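Please view the sequence and structure first.

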Amino acid sequence: MIKLYNTMTRRKEIFKPIQGNRVKLFVCGPTVYDHSHIGHARTYISFDVIARYLKYSGFNVFYIQNITDLDDKILKRADELGSSPLELARRYEEKYLYDMKILGVENVNLYARATEHIPEIIKQIEILIEKGYAYETDKGVYFDESKFEDFGKLSNRNLEDLNVHRIGPDSSKRNPGDFALWKKRENKSESQEMIWDSPWGTGRPGWHIEDTAITETYFGPQYDIHGGGLDLIFPHHEAEIAQMEAASGKKPMVRYWMHTGFLNVKGEKMSKSLGNFITINELLQEYSPEVFRFFVLSTHYRSPIDFSQEILYQSQKGLQRIYKFIETINEILDEDTKISMENDEEYIEKLVEVRKEFFDAMDNDFNTPSAFSSVFDLIREVNRDINQSNISKNSLTKLKALIIEFGVILGFDFSVKQNKEEGLEDDLVTLLKDIREKLREKKEWALSDEIRSRLKDIDIVLEDKSN
C-alpha cells in the first residue's frame, strides 16, 4: 500500500488512482532556451523513480511532460544569438532529451510541445471567456482571479499575493494578479514562428495555459498526479488549477500534488549571477550519470538537497561500495569451492526482512534514502560473513538477485560490472583537484597551473573557485 505526501492537503495519503490501476502522471517540463541544469535533473530523476516504482507495483502509468517551446525567454535568447526562435527551441529540446537519456530518465511516455497544441489552448481560452472567468483587453486575454474563489488553495496564499507573476504590471488588467492566457502581438517585427491567429488577433499563449490544454487533451479534466519543483507551486500550479477547474466545472483537477525540494549549491541558491550555476552537461564531464543519480536519491525527493563536490564524491564512494559487493559475490561464485549451507535458512529469513524494509521505505512516500539504508545494512552484515566464510553460494546468488532487483527499481544496472579504470580515474581526478586547491592556498601558482594544463591535455577541464 503506497502512501504519498499530497501538497494540497499537507499530509500523506493512501495512493488510489481515479481509474483502477491506471495512473495519469504529469510533470512540468523545461522551457527550452538554454542548457538544462542540475536542479532540473534532480526533479526529473525523482519522478523517474516514482514512475518506475508505480509500474513495479502493478500500476499502468501514462507519464507526460510538456515542452515549453514558445516563451519570452526563447524570443529574447534567439534575438541575442541572432537565431530563429523555433530553431533555438528545437536545438535545446534535443539537448534536454539527450541529457535525460544519459541520466536514465526513460519512463516519460510523451513529451508534448506547446506549439503543437495551439488549437486546444485557444479552445480552452474561449470556454473561460464564455463562462466569465476571462476577459479581453487591448494587450491580450486575462484570467480574472477574483472570479475563482479557490485561488491560492494549493499554496495557502491570499489574493493580495497574486501580483507575483512572471509578467510585468499591466494597467489594462482588472486585478494586479490576473494572468495572461493570450498575449497579443505588439511588435510587428516579431518572429512569425511564435505568432498564431486567434479570435483575439495574432499573438501567442501565456505560460500557464499550455499545461492545462495539454493535460485535458490526453487525460481529461481530472487526473491522478501532477508533479514539479517546489518553486512552481505559486503562481504556476495555482493558475493551472484555476484554469482547469473553472473551464470544466469539476474538482479537483488533480488528486495528488507532488513537489521536489530545492537544490542548492554549497548552501546557496543556484544562480548564474553567483557563479554557481551548473548545467547537466557540465556535471557529466566530471561525474558519471549514475553517481549523480545516487546523489539525488540519497536525499528524500521533498527535502532540500545541497550540491557540492565533496558530497558528490561521497555518493561516488557509496555507489562503488554496491558494485564492489556484487563483484565480490561474482568472484566467490566463480571459485571452485564449496561453502557450508548450514545458515541458508537464516539468510532466507534475512532476505525476506530486507526486502520488506526496502519496500516499506518505498511505499512510505518513495523514501529512497531509507531504501538505500536497508541495502547498506545488508552489505555490511554479508561482508562480515563472507570474511568468516560463513555464507553459501546459494545464499549469495539470492542476495545478488535481490540487489539487482532493487537497482532496477531505482534506475541502476548492478548486473553490469563497473569499469574499474573509470572508477580509478574519478578518484585520481578528485585527488588532483584537492592537491591543486592546497597549492593555490599556498600561492604555489606555477605547479597548480601545470596540473591543470596537464589535465586539460587529456580533456579534463578544471575550473578554479573564485576568491
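## Strand pairing

Two strands pair if DSSP finds at least two bridges between them. Helices (H or I, at least four residues) and strands (E, at least two) are DSSP runs, numbered from the N terminus. The model is predicted: local features need pLDDT of at least 70, side-chain atom pairs count only at pLDDT 80 or more, and totals for chains, interfaces and linings use all residues. Residue numbers start from 1 along each chain as its sequence is written, and side-chain values use heavy atoms, with hydrogens and water left out.

Strand 4 (residues 60-67) pairs with strand 5 (residues 110-113) in the parallel sense, over four bridges. Glutamine 65 has tyrosine 111 in strand 5 as its bridge partner. Strand 3 (residues 22-27) also runs parallel to strand 4, joined by six bridges. Here lysine 24 has phenylalanine 62 in strand 4 as its bridge partner.

## Crossover and burial

From strand 3 the chain passes through helix 1 to strand 4, a right-handed β-α-β crossover. Right-handed means that, with the strands pointing away from the viewer, the path from the first strand over the helix to the second runs clockwise.

Six of the eight residues of strand 4 are buried, so the strand is largely enclosed by the rest of the structure. Buried means under 20% relative accessible area, exposed over 50%, partly exposed in between (1.4 Å probe, protein chains only).

## Helix contact

Val49, Arg52, Tyr53 and Tyr56 of helix 1 meet Glu405, Val408, Ile409 and Leu410 of helix 12. Contact means heavy atoms within 4.5 Å.
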